[in-house]
Amino acid sequence: GARANIDSSKLGFESYKVLLNLKQTNSPSEKEFINYLGSSKKVWDVIHCLGNWNLEVNVDVKNSMEFHEFIMGLKNKFPEIIQSYESIQLFTNYKYNFFPMGNLLLKEK
């Protein structure tokens, strides 16, 4: 598949990564929580994780106050789901190349 890699800072947005530890996994309320995240215009990616965190959520907001309101909204709407979270502000949007030899291989044919 392919995905656009947009530098949202050039559009005036701040990017954050929210690492969530959930109390209940594989429950109907977790599905409702993920559907809620998926329907938010602020959220552009939700990733299920293995390891210390259950979910990684990428968010674009106008400023830190809007991010705070987003987090407080999650905590108030889903108190039975969220055990803990950490947030990280992203300052650089790195481009990943998952197939670095692709150009060379395509030129050989």
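The chain has a mean pLDDT of 88, and 94% of its residues reach 70 or more; pLDDT is the predictor's confidence in each residue, from 0 to 100. This is a predicted model: local features need pLDDT of at least 70, side-chain atom pairs count only at pLDDT 80 or more, and totals for chains, interfaces and linings use all residues. Residues are numbered from 1 along each chain as its sequence is written, and side-chain values use heavy atoms, with hydrogens and water left out.

**Confidence by element**

- Helix α2 has the highest mean pLDDT among the elements of the chain (97), and helix α3 (residues 102-108) the lowest (69).
- Helices (H or I, at least four residues) and strands (E, at least two) are DSSP runs, numbered from the N terminus.
- Where pLDDT is low, the predicted coordinates should not be read in detail.

**Salt bridges**

- The count comes to 2 salt bridges, each a side-chain nitrogen of Lys or Arg within 4 Å of a carboxyl oxygen of Asp or Glu.
- K17 bridges to E56, with the closest N and O atoms 2.7 Å apart.
- K17 lies in strand β1 and E56 in strand β3 (residues 55-61), so this pair ties together parts that are 39 residues apart in sequence.
- Both K17 and E56 are buried; buried means under 20% relative accessible area, exposed over 50%, and partly exposed in between (1.4 Å probe, protein chains only).
- K42 and E66 form a salt bridge at 3.7 Å, N to O.
- K42 sits in the loop between α1 (28-39) and β2 (43-48) and E66 in helix α2, so the pair ties together parts 24 residues apart in sequence.
- K42 is partly exposed, at 28% relative accessibility, while E66 is buried at 19%.

**Aromatic pairs**

- The whole structure holds 3 aromatic pairs: rings of Phe, Tyr and Trp (its six-membered ring) pair if their centres lie within 6.5 Å, and planes under 30 degrees apart count as stacked, over 60 as edge-to-face and the rest as tilted.
- Y16 and F67 are stacked, at 4.0 Å centre to centre with 10° between the planes.
- This pair links distant parts of the chain, with Y16 in strand β1 and F67 in helix α2 (residues 64-77), 51 residues apart.
- Y16 is buried at 7% relative accessible area, and F67 is buried at 8%.
- F33, Y36 and F78 form one aromatic cluster.

**Before strand β1**

- I6 lies in the segment before β1 (14-22).
- I6 counts as exposed, at 56% relative accessibility.
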